[in-house]
Amino acid sequence: MEKKKYISEDEREKCLKVIDAFAELYETTNDDIVVLDGGRYGFIKLQYYKFPNGFNTSMTFTDSVSLFDDLWEDWLNMQLFELVKGTPLIELDYEDIFKCMPEEKQETLMEKRGYFAEKAGLSI
C-alpha cells in the first residue's frame, strides 16, 4: 500500500524558499520558532519552547503561501512588540498597535513584506 503524500514537490521547494527568506526571524526569536521538514506531511512550525515539556504550539503547512503568511505575521508582530515594549501601547493588540504607528512606519513595515516575498520567490 502506497503512503499518501500531503505536499507536492513543487510546494516543498517553494516552502524551503519561504523558510530561507525568514531566516532572520528564527535568529531573533532565540529558537522560539522553528520550522522543520516533515517529509510527506509538509513542514511543521514549532513555537514557544518550554523546558522540559517541549514546544507549546505546532502547525503543519503544505503550501508556501500559507507558510509565508504565518511567518510574516510572526515577524510583523515581533517588530510591533519591540516598538512598543515599555510603553502603554503594549496593552493593545497587534492590529491596534499597527494602526497607532505613524503612516511612514506602517509603510516601512509593509515594504518588508514585499522584501520577504521577493526573497522567497513569491508574488504576493
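Reader: What share of the chain is buried?
Author: Of its 124 residues, 35% count as buried. Buried means under 20% relative accessible area, exposed means over 50%, and partly exposed lies in between, using a 1.4 Å probe and protein chains only.

Reader: What should I know about the model itself?
Author: This is a predicted model, in which local features need pLDDT of at least 70 and side-chain atom pairs count only at pLDDT 80 or more, while totals for chains, interfaces and linings use all residues. Residues are numbered from 1 along each chain as its sequence is written, and side-chain values use heavy atoms, with hydrogens and water left out.

Reader: How many helices and strands are there?
Author: The chain has 5 helices and 3 strands. Along the sequence they follow the pattern α-α-β-β-β-α-α-α. Helices (H or I, at least four residues) and strands (E, at least two) are DSSP runs, numbered from the N terminus.

Reader: And what are the dimensions?
Author: The C-alpha trace spans about 60 × 40 × 20 Å along its principal axes.

Reader: Which residues touch the most other members of the largest nonpolar core?
Author: They are V18, F22, L67, F68, L71 and W75, in a core of 29 residues. Helices α1 (9-21), α2 (23-28), α3 (64-84), α4 (94-100) and α5 (103-120), together with strand β1 (33-37), each supply at least two of the core residues. The largest share, 9 residues, comes from α3. A nonpolar core is a set of buried Ala, Val, Leu, Ile, Met, Phe, Trp, Tyr and Cys residues joined through side-chain atoms within 4.5 Å.

Reader: What does F22 touch?
Author: Not counting residues up to four places away in sequence, F22 touches F68, L71, W72, W75 and F116. Contact here means heavy atoms within 4.5 Å.

Reader: New topic: which residues line the largest pocket?
Author: The lining consists of L25, T29, D32, I33, Q47, Y48, D74, N77, M78 and Y94. On a 1 Å grid over the protein atoms alone, a pocket is an open set of points where a 1.4 Å probe fits, with protein on both sides within 12 Å along at least five of seven lines; lining residues have an atom within 4 Å of a point.

Reader: What is its volume, and which element gives the most to the lining?
Author: The largest pocket has a volume of about 200 Å³, where volume is the space filled by probe spheres set on grid points joined across faces, edges and corners. Helix α3 gives the most to the lining, with 3 residues.

Reader: How does the lining divide by class?
Author: It has 5 nonpolar, 3 polar and 2 charged residues. Ala, Val, Leu, Ile, Met, Phe, Trp, Tyr, Cys and Pro count as nonpolar, Asp, Glu, Lys and Arg as charged, and the others, Gly among them, as polar.

Reader: Is Q47 buried or exposed?
Author: Q47 counts as buried because its relative accessible area is 7%. This residue lies in strand β2 (residues 43-50), and beyond its neighbours up to four places away in sequence it touches D32, I33, F55, N56, T57 and D74. A polar contact of 3.4 Å also joins the side chains of Q47 and Y48. Such a contact is a pair of N or O atoms within 3.5 Å; within protein, one must be able to donate a hydrogen and the other to accept it, and residues adjacent in sequence count only if both atoms are side-chain atoms.

Reader: What about the phi of Y48?
Author: Y48 has a positive phi of about 65° although it is not a glycine. Most residues other than glycine have a negative phi, and most peptide bonds are trans.

Reader: Where is there a cis peptide bond?
Author: A cis peptide bond joins F51 and P52, with omega of about 0°. P52 is in the loop between β2 and β3 (54-61).

Reader: Last one: where is R40, and what does its side chain do?
Author: R40 is in the loop between β1 and β2. The side chain of R40 makes a polar contact of 2.6 Å with the side chain of Y41. Leaving aside neighbours within four places in sequence, R40 is in contact with K3, K4, K5, Y6, I7 and R12.
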